[in-house]
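Please brief me on this protein fold. Cover the sheet, the helix packing and a few individual residues.

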Amino acid sequence: AWVLRLAISSPRAFNVKFARNHAAYRNKSAEAVAFAPRRQDIMGHFLHIDDGKLVSRGRYAQKADAVEAIADRLKNIARDKQRACGHVLILAHGALQDRAAIAARAKAWRPVFEKNDIYPIHLMWETGFNNEVVNVIKDLLFKTKKRMGKKAEHLDERLEELARPLGRKLWRDLKTTAQLAMAPETDSGRALRQIITAADGLNLHFASQSAGALLFGECLSMLDETGDRLHSATLMAPACSTAFYDTRIRPHVGKTVRQITQYSLIDKREREDKLDVYGKSLLYLVSNAIEAEAGTPLLGMERFLHGLDDVAAIDALPKAHRLYYAGRDRTVTDAKSHRGFDKDRKTMNHLLETVLGHDPICAFQEADLTSY
């Protein structure tokens, strides 16, 4: 008889790495592609959702019993009288971060969060932006850039025109995905409600990056229905429109959510944060090409919040909405790029301070933020 015995996992034994997408082939650095953590490394700290359903297959498969286990664990934490004050932090990552990238962050951040009495739950959502369709857009833009030349006049405008048809469809689908994630009739909506109910007695917080702000807006509507409240919310370079903010977030500030802390790039850094094919940051591309109307004002862009270059500014933010700029408020945040906030030590430690209400017991070190 033959017996199959699984050996101890040793992914680095042969020092082999595999590229997950076209960008990885273009970027040959060792950090370009990280190994996806094992499911057991982050078990109990993620919700894997797709169009309102729990993803039940693959490396990060999840079913109703896994959600029940998370809820039971939170109930036990809430009943623990030895704790001074427990916190639950729901994290919604950007649309371009695939499941492996989110899992890598969940694994890297978990020890620091736990030492600060924070229970993290990462929303691993399938957005449609992290698959082959995006690479089709990138390849199209690369060919256009090669044909026109890097210094061609109005190159960015031409790239925006090419990205617009498919990009707008993807962005509409992403917004629908965010709505389904929190809807009361979906599996993911019920799972989130179950977890929030189980966290009764603990301080509930929310943090988002880029398009994760769309999930935050939908979450506020859900909490308004259930009567639950957020002690804090943190928005890193939010990729939602100012119209979305005015209708879905602003009415809840100081009510459903006690306070909001936002980190954004100054416009100079926004313009210098070039994508591999586009001459400005991702938010410029979203505003100019992917939103329904070209030049749509976005919450995460300084030019729309402060009326730079004669651009109409948003109405003054509520007092409970604090805004910090990377490149100006350097003691709080100093991210160099749109996707760099969750790799910036100052930003991540300020997030801890916001959640805890005081200096963290255990702060993030550079080594905690370089493994993904």
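The points below go from the whole chain to single residues.

This is a predicted model: local features need pLDDT of at least 70, side-chain atom pairs count only at pLDDT 80 or more, and totals for chains, interfaces and linings use all residues. Residues are numbered from 1 along each chain as its sequence is written, and side-chain values use heavy atoms, with hydrogens and water left out.

The protein has 13 helices and eight strands. These are DSSP runs numbered from the N terminus: helices are H or I of at least four residues, strands are E of at least two. Of its 372 residues, 52% are buried. Buried means under 20% relative accessible area, exposed means over 50%, and partly exposed lies in between (1.4 Å probe, protein chains only). Take the contacts between residues at least 6 apart in sequence: 70% of them join residues at least 24 apart. Contact means heavy atoms within 4.5 Å.

**The sheet**

- Eight strands form an open sheet in the order β2-β1-β4-β3-β5-β6-β7-β8, with mixed pairing.
- Its edge strands are β2 (53-54) and β8, and each pairs on one side only.
- Two strands count as paired if DSSP finds at least two bridges between them.
- Helix α8 (residues 212-226) lies across β3 (87-92), β4 (118-125), β5 (203-209), β6 and β7. It runs at about 150° to β5.

- Strand β7 (residues 260-265) is mostly covered, with six of its six residues buried.
- I260, Q262 and S264 point one way from β7, while T261, Y263 and L265 point the other way.
- Strand β6 (residues 232-236) runs parallel to β7, and four bridges join the two.
- From β6 the chain crosses through helix α9 (residues 242-249) to β7, and this β-α-β crossover is right-handed. Right-handed here means that, with the strands pointing away from the viewer, the path from the first strand over the helix to the second runs clockwise.
- On β7's pairing with strand β8 (residues 321-326), six bridges join the two strands, which run parallel.
- There, S264 stands opposite Y325 in β8.

**Helix packing**

- Two packed helices are described by the angle between their axes and the distance between the axes.
- Axes are lines fitted to C-alpha atoms, for helices over the stretch in contact, and angles run from 0 to 180 degrees between N-to-C directions.
- The axes of helix α3 (residues 64-79) and helix α7 (residues 187-198) come within 8 Å and cross at roughly 15°. That makes α3 roughly parallel to α7.
- Angles under 35 degrees count as roughly parallel, over 145 as roughly antiparallel, 65 to 115 as roughly perpendicular and the rest as oblique.
- The α3 and α7 crossing is right-handed. For a crossing, right-handed means the near helix is turned clockwise from the far one by less than a right angle, and left-handed means anticlockwise.
- In this pair, V67, E68, I70, A71, L74 and K75 of α3 meet A191, Q194, I195 and A198 of α7.
- The axes of α6 and α7 come within 5 Å and cross at roughly 50°. These two helices, α6 and α7, are therefore oblique to each other.
- L180, A181 and M182 of α6 make this contact with S188, G189, L192 and R193 of α7.
- Helix α11 (residues 282-290) is mostly covered, with nine of its nine residues buried.
- The buried residues of α11 pack against α6 (155-182), α10 (267-272) and α12 (302-305).

**Two buried residues**

- H45 sits in the loop between α2 (39-42) and β1 (46-50). It is buried, with a relative accessible area of 2%.
- Not counting residues up to four places away in sequence, H45 touches R73, R110, E114, Y119, P120, I121 and H122.
- S208 lies in strand β5. At 3% relative accessibility, S208 is buried.
- Leaving aside neighbours within four places in sequence, S208 contacts A92, A213, T234, L235 and M236.
- S208 and Q262 are 54 residues apart along the chain, and their C-alpha atoms are separated by 9.6 Å.
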